[in-house]
Amino acid sequence: MSLTLEDAGRALADPAVYADDRRLHEALTLLRREDPVHRVEAPGYNPFWAVTRHADIMEVERQHGLFVNAPRPLLATAELDEVNRLRQEQGMSLRTLVHIDDPDHRVLRAIGADWFRPRAMRALESRVRELARRYVDRMAELGGECDFVQQIAVKFPLQVILSLLGLPESDFDRMLRLTQELFGGDDDERQRGTSAEEKLQVLFDFFAYFRELTAARRARPTDDLASTIANARVDGEPLNDLDTASYYVIIATAGHDTTSSTIAGGLHALVENPGELARLRADPGLMPLAVDEMIRWTTPVKEFMRTATDDCELRGVPIRKGDALLLSYPSANRDEDVFADPFRFDVGRDPNKHLAFGFGVHYCLGAALARIEVRAFFEELLPRLGSVELAGEPRGIATTFVGGLKRLPVRYTLR
Ligand code: HEM
């Protein structure tokens with residue numbers, strides 16, 4: 001039976017659909033073609049508009065006064081929307097960079113921005129390469145077969161983030177668990193519990209960890225991003241506890257599962273496209289283009305939401321003040337109007353105007369770091385890699401937010 005537009009719209013609110021690329025893209029392709037600004041009414045969710053064309057997503061992000069992030073920056077169930085609304089009223093909800101708008105957003109973003117500029121990135125690059133080498137060595141130690149996601153890809157980017165924040169390696173396991181519970185929250189294997197309260201408990205655990213960190217860095221400042229956040233001042237005042245904790249949460253979470261999903265999905269794409277793997281090995285100069293193609297291909301951030309501050313139109317569709325819009329990045333990155341042969345994985349794709357890092361004032365702060373990480377990993381791996389093949393069925397994460405593969409069994413030879 002063929003998919004209806006209603007089914008396709010509802011699919012965007014179904015975490016299980018995101019675990020299966022074929023189902024997801026069947027729905028998105030139909031929406032892009034037939035109804036690119038589509039009203040979704042899915043059971044258990046407040047209604048929203050699904051925006052699926054590249055040009056429309058850019059248009060929404062460009063008009064950041066008309067389409068704002070607060071109060072509903074992410075797709076959540078109606079139950080969780082209500083809990084979040086109450087928490088906001090009580091001043092107890094997260095206020096990360098993706099939850100807020102100007103003028104606060106501009107001020108808070110500037111606090112961390114220096115750590116992501118080219119000079120800081122160059123300083124971090126040798127550490128990133130060292131960690132990449134360590135994880136390729138680990139692949140060799142694993143003896144030619146591993147679950148690439150669980151044993152390699154989820155670990156390397158978290159180590160990079162810990163280095164950037166200046167946290168000890170001994171905190172690794174605790175952070176790994178918390179970031180996975182926070183981001184893989186719809187997937188049975190990753191979630192702590194199903195209720196809104198249990199999901200919020202994960203956030204409170206994060207808060208507790210970072211409260212201790214703030215106290216330590218204020219008592220004894222060090223030269224790292226954690227210290228910059230802990231000691232930041234706005235109008236002469238330190239950030240309050242909520243803004244401080246929120247800052248740590250966005251860095252720790254945004255910089256982790258996103259990059260690991262790209263590395264895992266990137267290797268999967270190379271295994272599935274041996275011609276592209278051979279091409280990249282024969283011409284390592286293609287690596288920067290290949291990295292962006294892996295990011296486009298995997299598009300680990302599946303959506304962000306915006307809320308209209310006034311009545312307006314998008315592609316001729318009337319949008320009412322207060323309506324929510326879901327920006328579908330995976331859809332933008334397969335848009336036939338922008339990408340030639342969008343369903344082809346092409347390590348030399350140029351130009352590649354993907355929207356995997358978003359666009360405009362909220363454009364990913366860590367985009368340069370993510371590119372360095374993915375590049376360092378594959379530049380360490382490919383010269384040492386002999387053969388590589390699947391050793392089992394890859395499996396995807398069921399989540400409407402940040403995801404990719406959760407299992408990638410591979411068999412390989414490595415020098
Ligand atoms: C925001 C994607 C890696 C930190 C975002 C946004 C997207 C995104 C789509 C929202 C942009 C928008 O609303 O227009 C990705 C992808 C990554 C990645 C695909 C990896 C391939 C990282 C890394 C960091 C990071 C390594 C470093 C800590 C952030 C922060 C924001 C953000 C702080 C919030 C920016 C703001 O709202 O002003 N990212 N990201 N990201 N990302 Fe990334």
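These questions and answers go through a predicted model of a protein with a ligand.

Student: How do you know how confident the predictor is in the protein?
Tutor: The mean pLDDT of the protein is 93. The scale runs from 0 to 100. Of the residues, 97% reach 70 or more. For the complex, the predictor gives an ipTM of 0.99 and a pTM of 0.95.

Student: Why does pLDDT matter to a reader?
Tutor: Where pLDDT is low, predicted coordinates should not be read in detail.

Student: What separates arginine 119 from threonine 299, in sequence and in space?
Tutor: In sequence, they are 180 residues apart. In space, 27 Å lies between them, C-alpha to C-alpha.

Student: And valine 136: what makes it buried or exposed?
Tutor: Valine 136 is in helix α7 too. It has 23 C-beta neighbours inside 10 Å. Buried needs 20 or more. So valine 136 counts as buried.

Student: How far is valine 136 from leucine 414, in sequence and in space?
Tutor: The two are 278 residues apart in sequence. In space, their C-alpha atoms are 8.8 Å apart.

Student: How do you know what span to expect of helix α11?
Tutor: Take 1.5 Å times one less than the number of residues. Helix α11, residues 196-219, has 24 residues, and 34 Å is expected. From first C-alpha to last, α11 reaches 35 Å. That is close to the expected value.

Student: Which residues of α11 are buried?
Tutor: Lys199, Val202, Phe206, Phe210, Leu213, Thr214 and Arg217. In general, an α-helix has 3.6 residues a turn, so residues three or four places apart point the same way.

Student: What makes β4 and β11 edge strands?
Tutor: Look at the open sheet with the order β4-β14-β11 and antiparallel pairing. β4 (145-147) and β11 (385-390) each have a single partner strand, so one side of each is left without a neighbour in the sheet. The twist averages 25° from one strand to the next.

Student: How do you know that β14 pairs with β4 and with β11?
Tutor: Pairing needs at least two bridges. β4 and β14, residues 409-414, have three, in the antiparallel sense. β11 and β14 have four, also antiparallel. Both pairs therefore meet the cut-off.

Student: Which residue of β14 is the bridge partner of cysteine 146?
Tutor: Valine 410. Valine 410 is also the bridge partner of leucine 390.

Student: What is the strand order in the open sheet of five strands?
Tutor: The order is β1-β2-β10-β7-β3, with mixed pairing. β1 (37-40) and β3 (67-68) are the edge strands, and each pairs on one side only.

Student: How do you know that β2 and β10 pair?
Tutor: Strand β2, residues 48-51, and strand β10, residues 324-328, share three bridges in the parallel sense. At least two are needed, so they count as a pair. Valine 51 stands opposite leucine 327 in β10.

Student: Which residues come nearest to the ligand?
Tutor: Of the 28 residues around the ligand, Gly255, Gly358, His362, Cys364 and Gly366 come nearest. The elements giving two or more residues to the shell are α13 (241-254), α14 (257-272) and α18 (367-381).

Student: How do the residues of that shell divide?
Tutor: The shell has 18 nonpolar, eight polar and two charged residues. Gly counts as polar here.

Note on methods
Residues are numbered from 1 along each chain as its sequence is written. This is a predicted model: local features need pLDDT of at least 70, side-chain atom pairs count only at pLDDT 80 or more; totals for chains, interfaces and linings use all residues. A residue is buried if 20 or more other C-beta atoms lie within 10 Å of its own, exposed if 12 or fewer, and partly exposed in between; C-beta atoms are placed from the backbone. Axes are lines fitted to C-alpha atoms, for helices over the stretch in contact, and angles run from 0 to 180 degrees between N-to-C directions. A residue is near a molecule or strand if its C-beta atom, placed from the backbone, lies within 6 Å of it. pLDDT is the predictor's confidence in each residue, from 0 to 100.
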